[in-house]
2 protein chains.
Amino acid sequence: MLAEEIKGCSVAQAEECAAWLRGQMIDAVRENGGHLASNLGVVELIVALYAVFDFPHDKLIFDVGHQCYAHKLLTGRSLDRLRKQDGVSGFPDPQESEYDAFIAGHSGTSIAAGIGMCAARDRIGDRYKVISLIGDASLGNGVALEAVFSSEKKPSDFVVILNDNGMSIDKNHSALYRSLCKMSAKRRYRTFNSFLSRRFKETGAFGRKLRKIKYTIKGWMNKNDFFERCGFKYVGPVNGHDLHELLTMLGNISKLEEPVLLHVVTQKGKGYEAAEADPARFHGVSKNFAAGENSFAVALGRILCERAALDESLVAVTAAMTEGVGLSDFAQQYPDRLYDAGICEEAAVTMAAGMAKGGISPVVCMYSTFLQRAYDQIVHDVCLQNLPVIFCVDRAGFVGADGKTHQGLQDLSALRTIPNLSVFAPKDCAELADVFDYAWNKATPCVIRYPNGYAPNLGQRQPISDYYLWETLTEGEELIVLASGARAVARAIDARRISGCPCRVVNCRTIKPLDERLLRDIADRKIITFEEGYACGGFGSAVAEYYASYAQPVRLKIIGAENKFIPHATTLEQAEACHLSVQDLARKIKAFSEQR
Amino acid sequence: MLAEEIKGCSVAQAEECAAWLRGQMIDAVRENGGHLASNLGVVELIVALYAVFDFPHDKLIFDVGHQCYAHKLLTGRSLDRLRKQDGVSGFPDPQESEYDAFIAGHSGTSIAAGIGMCAARDRIGDRYKVISLIGDASLGNGVALEAVFSSEKKPSDFVVILNDNGMSIDKNHSALYRSLCKMSAKRRYRTFNSFLSRRFKETGAFGRKLRKIKYTIKGWMNKNDFFERCGFKYVGPVNGHDLHELLTMLGNISKLEEPVLLHVVTQKGKGYEAAEADPARFHGVSKNFAAGENSFAVALGRILCERAALDESLVAVTAAMTEGVGLSDFAQQYPDRLYDAGICEEAAVTMAAGMAKGGISPVVCMYSTFLQRAYDQIVHDVCLQNLPVIFCVDRAGFVGADGKTHQGLQDLSALRTIPNLSVFAPKDCAELADVFDYAWNKATPCVIRYPNGYAPNLGQRQPISDYYLWETLTEGEELIVLASGARAVARAIDARRISGCPCRVVNCRTIKPLDERLLRDIADRKIITFEEGYACGGFGSAVAEYYASYAQPVRLKIIGAENKFIPHATTLEQAEACHLSVQDLARKIKAFSEQR
């Protein structure tokens, strides 16, 4: 394994290794898609860490985790099937390797996790280093800030590496930094001026917002004692692409017991020209570096631009997902009506609640997996006050290659139990517009959930109304398939055809409220509920509850995902793994219709 | 209304008003229970705010909200029935008064809400001041920190008042502070030294931890430019009990357009000797200033002390709730094994995950309403890695006087849908010990939920095991009552007696997994599920799902709370309001058993 070979290697060997890693990961991402810019930025840093520290005895904790490719390659994992079914995950995963000390996929967790791990180590009497690697954007997240401020004393043998790929930083003159330079003794520390004067190049509202947050925090760091006051010895900034510097500095740090914050300045996309020039575009890409195709996100962006032109009160709120949720055009057309809170999902939602209370109408656009980070804010700040906030929940259902840290299988069950909150799932992009307008007119808290990827329009279109909550798509008397969500409805239509069973397919675009009129009408039929989410607590569960609220026995079959974490694969493979494919549903329809 | 009378009042009048308010709130809390120390600390500050600003045109946003009594009295609300059914809430509530600009009950929300409200105001073109009043402990919460760091530019006409009741602060010499002193011109600013050198007196692990966080943040504040760098003009510190100072300072601030942070130093419990001496004890009290009686919290504390003596790996984690969750003795006996993260629910859970990953066994003790703030951390950091973390969830079910911001009605539905997580609800304190040991031996993520208040032991005791998941308490063939949770089980036993119907009462102490063996056995009977939580997504829903997973028609009736926010009252009144009393259940048992 490379990890063992480069232990204590020379600078030249390390540089060779870094070049090899870059080639590997560029090829892998070109073939499989993935996160490129962030991974290219930390190659030297990861190599230097492995050259100096003793993993997996020492623990390396990633934050967010989309910078772990070099780490995976060094620990003997091929990226040939990166993010593909049975290939390696795009994120650290302790189930995959003992070198992956902690899960990562969401932001801001590494420092708190590191503090906890040190506490365990010290209680047990083990001896190892705990190293948390966190990006500058993640540092602005509430969990990270809570952990940084948690106490003025931090555990010993704890190293936080701040991977700063955005800020321009003044040269550092802290006492420890100078003493470390002395320890290395052999050469003077090179000036970083040209390197550091480089400006952060991310474009668009996301880039601007992130820059703002970074400058705010940067202000602190330049005081030099930001981290000192929080209990760390501050060391840096170090040029994250200079292996000589990194090896020297990390070598010295490895001998210190005190908690250290090492500030490493890196360049996103380093070593691949196109990615250096436009790191935002190369943040996450599909095969051949293409942008992913997300029908609903595109449709949402168009709808919001159109409605914003008609209604001055519409504003959009997101949390470092402007492009992903489809708001790039909105950001161009209405820059002062887009609020990107950075990776601060909680503050974003509470801010939206404040906006709604102040008389405007925020549309909060987030991925399902990240919205769950603001669960309390949805309950306490938005729904308790019954405020007109619309949550557009993207990446709901299977997410594909991002895998288990990013699945959108839980939003339905978590959200539908919140009082005052309505929950919708349009069957296609055309219906998204109808549902959005319906939610807009309700002027109470609403969730609209939809998946990523390509989503065809399904043809029929019956505008949603208080009376027509659900839409009957095909006629049929004996067996009723209540399908909720775009993929479920599309599959139900196909499954009906394949099964040869003339069942009635209903597009259940409202999960809360349910269409009780329709449910009453079909109470004596065989009923299947079908959804792409956990069966546990989801749409089918709501239907079962409805009948059980008045003790009505029904022949109801709930079909949804088993309650487990689903690893990376294509969304179709994930559906198959959970027995939610068209064929699975057709088989179940047939079996149930034949049942006496 | 007093709010109008004291507008522009003299210092003498303001002092008279403050004295009256103190008397009112001491009497009200003696009679009704409530938060005393925090309310006594801000009397002068609230009076001064009302004397200077123009509420409700200007907006006053509380944080946490347990310091709103003076505000309620000034705005014409009697505290005679404070926290009682149909009396005023102990927290701000926009439904109660237009003076309550935003909900509060959870911590750290006021700054983000204020920023959002300013954004709305500026978009609409309104003109008013937005004032967020936040305590120093709340400032360490992630949402607050996210909002503070959100941007280096803050909205104009936005005032954050930092109610600092814990830190010793060096005298401030910031430029704005001096210029404000100049503006006031007529007298020199009194030295605070004697006042400020006072040491924060909270005792116990909670106090120590809070003090640590405060000192960390204090370190920053003493730099004077903490808030300046985050976009605020910093003013202070001001003696929060000197009305002359407050009126002058606020008067000057009211004329500024720039965003201002006013640092006010107050003393918890001010003006009531016993509360000054022991503010922690007078934080929240019952009638006649007695401590509340919480059987489960006491039992948990005892269990953890006992188990900690047997197993070195047990540690306890909480988030500023050490006394509330019953850990006072544990804190005394095992001070180095109690980790109180301050009001940082997220970091607390992620830290616990790190501990578990590092090989020790954390027991996270939190109230239900606050645990929901760490929802993503439970999913992503604990359950995804299937770590042995036990969550002891107190105040689950109706919470009584704290009301709708604090209800524990949602934990069951939110938590039971998380993969790998087991969910338990013991019927009494004796069973808590059994369930705790069972969860401990499982060594996977577990939730144990139980209510506040007095909980009698119900007598029977069948140790829980993989085979005996549920416990049959009374025999009966036709109608089965599946009761889950201490209050539900106790009521079910009583309701059986009252109803005269010989139903079988089952103590369903595991919600996840269900006792499927027992469910299969009773599939052809009439079944009632009964719980103190939202019927939507809760225990009954899980039972309905089970039968629907294989399309088994059952005569199942789910009884739980309607899906709405339940205001303050006694827990019994809340149960009655939700038709969950013994009488309600008895009536339903009778009606269902008579149904053909």
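1. Start with one pair of helices. A:Gly540, A:Ser541, A:Ala544, A:Glu545 and A:Ala548 of α23(A) meet B:Gly540, B:Ser541, B:Ala544, B:Glu545 and B:Ala548 of α23(B). Residues are in contact here if their C-beta atoms, placed from the backbone, lie within 7 Å. The contact comprises 4 nonpolar, 4 polar and 2 charged residues. Ala, Val, Leu, Ile, Met, Phe, Trp, Tyr, Cys and Pro count as nonpolar; Asp, Glu, Lys and Arg count as charged; the others, Gly among them, count as polar.

2. A word on the basis. This is a predicted model, in which local features need pLDDT of at least 70 and side-chain atom pairs count only at pLDDT 80 or more, while totals for chains, interfaces and linings use all residues. Residues are numbered from 1 along each chain as its sequence is written, and chains are lettered from A and ligands numbered from 1 in the order in which they are written.

3. Back to the helix pair. The axes of α23 (residues 539–549) in chains A and B come within 9 Å and cross at roughly 105°. Axes are lines fitted to C-alpha atoms, for helices over the stretch in contact, and angles between N-to-C directions run from 0 to 180 degrees. α23(A) and α23(B) are therefore roughly perpendicular. That label covers 65 to 115 degrees; under 35 is roughly parallel, over 145 roughly antiparallel, and the rest oblique. Helices (H or I, at least four residues) and strands (E, at least two) are DSSP runs, numbered from the N terminus.

4. Next, the whole interface. In it, 90 residues of chain B are in contact with 90 residues of chain A. The largest share of the chain B side, 11 residues, comes from α6(B). That side divides into 45 nonpolar, 27 polar and 18 charged residues. The copies meet through the same surface, because 100% of the interface residues of chain B are also interface residues in chain A.

5. How are the copies related?

6. Chain A overall has 25 helices and 19 strands. Of its 596 residues, 64% are buried. Buried means 20 or more other C-beta atoms within 10 Å of the residue's own, exposed 12 or fewer, and partly exposed in between, with C-beta atoms placed from the backbone.

7. Helix α21(B) is mostly covered, with 10 of its 14 residues buried. The cover includes β15 (479–484), β16 (504–507), β18 (526–534) and α25 (582–594) of chain B. B:Gly500 follows the helix, with a positive phi near 70°.

8. Two loop residues are worth a look. A:Gly459 sits between β13 (446–449) and β14 (471–474) of chain A. A:Gly459 is exposed, with 10 other C-beta atoms within 10 Å. B:Val64 lies in the loop between β2 (59–62) and α5 (69–74) of chain B. B:Val64 counts as buried, with 25 C-beta neighbours inside 10 Å. Not counting residues up to four places away in sequence, B:Val64 touches B:Ala104, B:Ser107, B:Gly135 and B:Ser138.

Conventions
Contact = placed C-beta atoms within 7 Å.
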